[in-house]
Amino acid sequence: SAANNSSLQQEVESSVITAVGDLKNEKELVYAVGVNPVEERITVIFRGSVTKNDFMTDAKISLVQIPDPRRFNGTEGDDSDGDDVGVHQGFYEYLFGESDGTRSKYMEIMQHIDRLLAENPSRKNYKLYITGHSLGGALATLFGFYAATSSSVALPVTVVSVASPRVGNLAFARTFAEMESQGKLRHLRIANHKDPVTLGPTVSSKRALALSAKAFSPLGYLALMVTGIGEGGDEEVYYHTGMKMKLFKNVTAVGSQRCVLSYSGHTIISGSKKPVAIDKEDMAEIEQSNKRKKKESSSELPMVSYHYGTSYSERMASVELELKGLTLNNVYREKAGGMPWVV
């Protein structure tokens, strides 16, 4: 309708990009910060993988132990046990790394946010949204995880990641779910069915090395055990976070839906059964597709096209009417129902 179009135009025209970090776009992450007074929202956007350095960052799948965000921001209280969490080395270094005495990108972006909040008192209750595709989605998840404990930001912080790989281990996912339960953080994780990037990484490089040696070189595996490297336990396994929106290319048999919502925090925070780290259904279908491609001698990389932004745009457009009127808070109430902290 004309009224809806007018409202949309007003919202778009009210969005202002206030900062762009791209001076060293070949070597560093790229971001933008914007403000929208109509939606009363500040948005941070991270670019996905484009440069050689971006892809090298993606490949650094070792898990590094870093401070719980509540300790990092000095907001630790009775609800925090003070444990470290394991985070993807490449993503952590891209966002929190400091070189040549320069501040980290996290601090640089937070200063932009703090400036926007300070320069206009009417913005003090503006909500913070963070988004990005692929690498950008992973950076958005990590940024939101830490920003949600900042004393200057109105809660909850909302992350909308698209095609994101996994970011951290079980300790990371459990702390993330605890912060969701406290109303500090919300995460809508949009993933195309059979998008291979969203299925990894599964384990750290340390565990991958140990498992490979165990399978193909018993002596090599023994050497790793003797040197104290070992396989590692859950601290070396990656887990997803947030509310997953799984988008299908075609209508599914179950319920004839192109979109399925599910919450990853159920088993992680309840402890009722072993948390699920891997989407076995997608993995099996991709493996079968790979075998078919090999038989056909096709040079096409199977399923990679499902990771492209165009594929996500097409699938999101197909479920627009289905999702109309749905809010993230209501989705949390419905899909995380039965959890003791949901009201």
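# A guided tour of the predicted model

The protein contains 14 helices and ten strands, where helices (H or I, at least four residues) and strands (E, at least two) are DSSP runs numbered from the N terminus. This is a predicted model, in which local features need pLDDT of at least 70 and side-chain atom pairs count only at pLDDT 80 or more, while totals for chains, interfaces and linings use all residues. Residues are numbered from 1 along each chain as its sequence is written, and side-chain values use heavy atoms, with hydrogens and water left out.

**The whole chain.** Begin with everything displayed: of the 343 residues, 45% are buried, buried meaning under 20% relative accessible area, exposed over 50% and partly exposed in between, with a 1.4 Å probe and protein chains only. Among contacts (heavy atoms within 4.5 Å) between residues at least 6 apart in sequence, 72% join residues at least 24 apart.

**The sheet.** Next, select the eight strands that form an open sheet of mixed pairing, in the order E1-E2-E3-E6-E7-E8-E9-E10; two strands pair if DSSP finds at least two bridges between them. At the edges are strand E1 (16-21) and strand E10 (259-263), each of which pairs on one side only. From one strand to the next, the twist averages 15°.

Now select strand E6 (residues 127-133) and strand E7 (residues 154-162), which run parallel and are joined by six bridges. To see one of these pairings, pick Tyr-129, whose bridge partner in E7 is Thr-158. Staying in strand E7, where Pro-156 has its place, look at the peptide bond from Leu-155 to Pro-156, which is cis with omega near 0°.

**Helices across the sheet.** Helix H7 (residues 170-181) lies across E8 and E10, and its direction is at about 120° to E8.

**Helix H5.** Which residues of H5 are buried? Select Lys-105, Tyr-106, Glu-108, Ile-109, Met-110, His-112, Ile-113, Leu-116 and Leu-117 to display them. The 14 residues of helix H5 (residues 105-118) should span 20 Å at 1.5 Å a residue, and its end C-alpha atoms are 20 Å apart, which agrees; the expected span is 1.5 Å times one less than the number of residues.

Move on to Thr-198, found in the loop between E8 and helix H8 (205-216). Thr-198 counts as buried because its relative accessible area is 4%. A polar atom of the Thr-198 side chain lies 2.8 Å from the backbone oxygen of Asp-195. Leaving aside residues up to four places away in sequence, Thr-198 touches Ala-163, Ser-164, Pro-165, Arg-166, Ala-191, Asn-192, His-240 and Tyr-312.

In the loop between E8 and H8 you will also find Pro-201, and a cis peptide bond with omega of about -15° joins Gly-200 and Pro-201. Lys-194 lies in the loop between E8 and H8 as well, and has a positive phi of about 75° although it is not a glycine.

**A last stop.** Finish at Ala-163, in the loop between E7 and H7, which has a positive phi of about 60° although it is not a glycine. Is Ala-163 buried or exposed? Ala-163 counts as buried, because its relative accessibility is 0%. Most residues other than glycine have a negative phi, and most peptide bonds are trans.

Methods: Axes are lines fitted to C-alpha atoms, for helices over the stretch in contact, and angles run from 0 to 180 degrees between N-to-C directions. A polar contact is a pair of N or O atoms within 3.5 Å; within protein, one must be able to donate a hydrogen and the other to accept it, and residues adjacent in sequence count only if both atoms are side-chain atoms.
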